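Colleague: Before I read anything into these coordinates, I would like to go through them with you. Please keep to what was computed.

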Amino acid sequence: MKKFTFKKRSKSQKQQVEELENKELQEEIEEEEQEEQEFRSFFSETLKRLPEKTASIIASSYEKTRGQAEKILAKSKESFDGVFDEFLEGVEEETRKKCHNTIHAASLTAAIIGCSPIPFSDAFLLVPVQLIMMSRLHKLFGQSWSESLGKSLSKELVVVGLGRSAVGNILKLIPAVGTVAGAAVNATVASGITEALGWVTVKMLNDGEDIFEQVASFKGQFKMLTKLLFGSNNSSK
């Protein structure tokens, strides 16, 4: 007598959809955990590079300023992302993913500094943030990094945003509402400048260009991108 065996039933479409959704959810959770881990590492390194008193003020207001910074980043995300998508045409999605966590950590750190109660100083506090970011991006691409040349370049480019930040810094001196408004202005500018610098660095590294040998190109792309970002952001309000 022929042995009878049950045929293995194929999974239902519902089961397949559920498994796919669970897998995507798990991947999303893992990505968020990696993003948070990179941010904590980045933020801690930034605090170590800042003057002790300044770092203490930023750390003590962290719980409040992080919430404010995240809301501001979320508000500008839609208009900023559209500009970045066009600018990064030609950069593979996988490369962008690898760099995203570092640039997001930097922009969130910059926004937190922008929200901090330190009038007339936060623009230049972006320099260590940008140095850490560019150093980590160079490491991702396996490229050498010059801290001294990076510092000189970063200081110069921060001036681009200083005029915009000045309005926010003046508003910070006005009690209550003025402080909140000033923080919003500075955090938007700080995160925008930082993201622009990060993605210009990624684009040039991806194209095999040296930012220190081609400084004029780097500055030109940075200024063009920040103009597009803030023009786009302002038009969306």
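Colleague: Is Ser 107 buried or exposed?
Modeller: Ser 107 lies in helix 4, where helices are DSSP runs of H or I with at least four residues, strands are runs of E with at least two, and both are numbered from the N terminus. Under 20% relative accessible area is called buried, over 50% exposed, and anything in between partly exposed, with a 1.4 Å probe and protein chains only. Because its relative accessible area is 1%, Ser 107 is buried.

Colleague: What pLDDT do local features need?
Modeller: Residues are numbered from 1 along each chain as its sequence is written, and side-chain values use heavy atoms, with hydrogens and water left out. This is a predicted model in which totals for chains, interfaces and linings use all residues, side-chain atom pairs count only at pLDDT 80 or more, and local features need a pLDDT of at least 70.

Colleague: What percentage of the residues reach that score of at least 70?
Modeller: pLDDT is the predictor's confidence in each residue, from 0 to 100. The chain averages 78. The share of residues that score at least 70 is 73%.

Colleague: Where does pLDDT stay under 50, with 36 contacts beyond four places in sequence?
Modeller: Where pLDDT is low, the predicted coordinates should not be read in detail. A contact here is heavy atoms within 4.5 Å. One stretch under 50, with six contacts beyond four places in sequence, is residues 233-237. The stretch with 36 such contacts is residues 162-182.

Colleague: How many helices are there in the chain?
Modeller: The chain reads α-α-α-α-α-α-α-α along the sequence. There are zero strands, and the number of helices is eight.

Colleague: Which residues does Ser 107 touch, not counting those up to four places away in sequence?
Modeller: Ser 107 is in helix 4, so the residues up to four places away are set aside, and a contact again needs heavy atoms within 4.5 Å. The remaining partners of Ser 107 are Leu 73, Ser 191, Thr 194 and Glu 195.

Colleague: Which residues are in contact with Leu 229, leaving aside its neighbours within four places in sequence?
Modeller: Leu 229 has its place in helix 8 and is buried, with a relative accessible area of 0%. Its C-alpha is separated by 8.5 Å from that of Phe 84, 145 residues apart along the chain. The contacts of Leu 229 are Phe 80, Val 83, Phe 84, Gly 192 and Ala 196.

Colleague: How far apart in space are Leu 225 and Ala 196, C-alpha to C-alpha?
Modeller: Leu 225 also lies in helix 8, residues 215-235, and is buried at a relative accessible area of 0%. Leu 225 touches Val 83, Phe 84, Phe 87, Ala 196 and Val 200, apart from residues up to four places away in sequence. Leu 225 and Ala 196 are 29 residues apart in sequence, and their C-alpha distance is 6.3 Å.

Colleague: How many residues of helix 5 are buried?
Modeller: Helix 5 has 15 residues and reaches 21 Å from first to last C-alpha, close to the 21 Å expected, the expected span being 1.5 Å times one less than the number of residues. Its buried residues include Leu 126, Gln 130, Arg 136 and His 138. Helix 5 is largely enclosed by the rest of the structure, because its buried residues number 12 of the 15.

Colleague: Is Arg 40 buried or exposed?
Modeller: Arg 40 is placed in helix 1. Its C-alpha is 8.0 Å from that of Ala 105, 65 residues away in sequence. With a relative accessible area of 55%, Arg 40 is exposed.

Colleague: Which helix gives the largest share of the lining of the largest pocket?
Modeller: A pocket is an open set of points on a 1 Å grid over the protein atoms alone, where a 1.4 Å probe fits, with protein on both sides within 12 Å along at least five of seven lines; lining residues have an atom within 4 Å of a point. The largest pocket holds about 1100 Å³ of space. Of its 41 lining residues, the closest to the centre are Glu 35, His 100, Asn 101, His 104 and Trp 199. The largest share of the lining, 12 residues, comes from helix 4.

Conventions:
Points joined across faces, edges and corners; volume = space filled by probe spheres on them.
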